[in-house]
Amino acid sequence: MLYFLGIFQTIGVHTLLGLSAYVLLLTGQLSLGQVGFFAIGAYVSGILTVLFSWHIFAALAVGALVAGFFAFLIGFPALRVKGLMLVVATIAFSEIVRLFFFNLSWRVEVNGFDVGPDSTQGFREIRYFAANGWEQTHVVALIWSFVILVMFLLWWLDRVRAGAVLRAVGEDDLAAQSSGVNLTMVKVAAMTAGGVIAGIGGGLFAHSTTYVDHHTFTILLATFAVSYPILGGHKNVFGTLLAVIFIQGFVIEGLRFMGDYRNIVFGLLIILAMNLRPQGLVDGHFISDIKKKLGGKPKKDSADA
Amino acid sequence: MLSINNLETSYGLIKALKGVSLDAAEGEVTCILGPNGAGKTTLMFTLSGIIKPDAGSIDFFGTSLTGLAAPKVLREGLALVPENRLVFPLMSVRENLLAGAYTRNRSDKDEVEADIEKMFARFPVLKERQEQNAGTLSGGEQQMLALARALMSRPKMLLLDEPSVGLAPVIVNEVFAIIKQLKEDGLSIVLVEQNVVKALEVADHFYLLDQGRVTFAGTPGEMENDDVIKRAYLGGG
Ligand SMILES: Nc1ncnc2c1ncn2[C@@H]1O[C@H](COP(=O)(O)OP(=O)(O)OP(=O)(O)O)[C@@H](O)[C@H]1O
Ligand SMILES: [Mg+2]
């Protein structure tokens, strides 16, 4: 049972990470910076609960806001770079964040113990949940409340004009501008929202695993983050969730016997998926197929036009 | 009426517009000619607020557009149809048209729907393909869609950047027929065009842009009698 709860936790946290990349992908920004925001959320909220004895909700909120603030700042220079250059720039950002925490040593005595980030040794005492009598089921419920909340907000966004504007920017930013879209505002807002979502994910991650160190926040994790919405398709948020379940539940957990070779499987899957389903697993056809199966009215396409 | 004075725009150190002045009158088609790299697209981008000018002024029906951002310019009634018929490829034709109405009030829903029907009347091919992804349309259809999308903002003046480039002659004729209709409906148009023969059918005024400067301004008659232009654009001696 504990084993499955652990997988639920991982899937929940990774879904948040994937959704943070999803928002950016909608506006056509491929970012490997999500792991940087995730790390900021993890360390900031951890520092607040451990060193300052804050309540978890306040700590998560501030962790998310700080991550969002950095994302907002990154949003402006990111406007000037596109495609591969943005990928490289965001990798650089994630590495800067990682190296900052790698060097951060902030030990404080709380209740007779030295606690806090200990540079290369990591940050090992993020035990808010255990110390406050939370059971693992509660933790899983908390994580999934956030997952559902964020998924609901993004799903709703897709139903209103703002969502269409995000997609318009992603499809062609010049055409979007000539349709009167404020490119700066949209791209920076998406970057900020992505930072906040990743920051919450990071905070939940740090508190559910009780320790983090710089190995946690490598480019591999950043690659996972963007691959979820790419594999799942950015037509809709559920694709990202399915991709996380598939990658974390099947490739990483199911193929555990393969050890590190799983990363090769992961790489191959991405290459395969990009070739076979460039629009992602959950594309327009997938959605209309499901609607047909459910007996709903299928979306009229070119064939009957 | 659009009045541009000494407009200068640069990309970093490269000056693409070196003091452009021109006027486009209400209800007329003003045509801008010029070789590749002359700065025509740069002028269109500067007018529509996509790039900011270094100097000069843009006056539109008594309002200054100088330095305004793209959404504000569009709200003032100046709409751009960018070159290369940029549509949103993964959105349906209908969604593309709705995108043209982003700057309109949300409360206009019924009017926006009515305008979409008007576009379908003007461009019947778009009606047939309204649920189809815009990326799957032919080049001519995409050009019509880009035009219709710009019209959805209910502009006072339309900026058309090379609408005929890369299209088959029959389709070029269709595009120009549409331009003529729009003009008859009273819309003011600034047309960037390389196809001088076709442009002569609709334009009331011509400007020649070369290396970021206006080198000729005149009526169609004056243009046809200008030796330089005749040689360069009309293929005669
Ligand atoms: N993004 C850019 N960065 C740097 N220089 C640019 C950029 N865009 C255009 N230029 C330069 O500005 C000048 C004018 O370009 P512009 O695209 O406005 O020409 P054009 O008249 O539209 O040409 P065409 O007929 O080929 O469309 C050219 O010398 C071009 O190289
Ligand atoms: Mg051009």
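The model is predicted. In chain B, Thr41(B) and Glu83(B) coordinate the magnesium ion (ligand 2). In chain A, helix 11 spans residues 237–254. Over all chains, a search of the whole structure finds 18 aromatic pairs.

**Magnesium site**
- The donors to the magnesium ion (ligand 2) are OG1 of Thr41(B) and OE of Glu83(B), at 1.9 to 2.6 Å.
- Thr41(B) belongs to helix 1 (residues 40–47) of chain B, whereas Glu83(B) sits in the loop between strand 6 (78–81) and helix 3 (93–99), so the pair ties together parts that are 42 residues apart in sequence.
- Thr41(B) counts as buried because its relative accessibility is 18%, while Glu83(B), at 25%, counts as partly exposed.

**Helix 11 of chain A**
- The 18 residues of helix 11 reach 24 Å from first C-alpha to last, close to the 26 Å expected at 1.5 Å a residue.
- Asn236(A) caps the N-terminal end, with a side-chain oxygen 2.7 Å from the backbone nitrogen of Phe238(A).
- Buried residues of this helix include Val237(A), Leu241(A), Val244(A), Ile247(A), Gln248(A) and Val251(A).
- The cover over the buried residues of helix 11 includes helix 1 (2–26), helix 6 (136–157), helix 10 (219–232) and helix 12 (262–276) of chain A.

**Aromatic contacts**
- Tyr128(A) and Phe129(A) pair edge-to-face, at 6.1 Å centre to centre and 80 degrees between the planes; both residues are buried.
- A cluster linked by ring pairs contains Phe38(A), Tyr43(A), Phe100(A), Phe101(A), Phe123(A), Phe205(A) and Phe217(A).
- The charged end of Arg124(A) sits over the ring of Tyr211(A), 5.1 Å from its centre.
- Arg149(B) lies over the face of Phe88(B), at 5.1 Å from the ring centre.

Conventions:
Residues numbered from 1 in each chain as written. Chains lettered and ligands numbered in written order. Predicted model: local features only at pLDDT ≥ 70, side-chain atom pairs only at ≥ 80, totals over all residues. Heavy atoms only, no water. Donors = N, O, S within 2.8 Å, 3.2 Å for Na, K, Ca; no water. Helix = DSSP H or I, 4+ residues; strand = E, 2+ residues; numbered from the N terminus. Buried < 20%, exposed > 50% of the residue type's maximum accessible area, 1.4 Å probe, protein only. Expected span 1.5 Å × (residues − 1). Contact = heavy atoms within 4.5 Å. Polar contact = N/O pair within 3.5 Å; in protein donor to acceptor, adjacent residues only side chain to side chain. Phe/Tyr/Trp six-rings, centres within 6.5 Å; stacked < 30°, edge-to-face > 60°. Lys NZ or Arg CZ within 6 Å of the ring centre and 35° of its normal.
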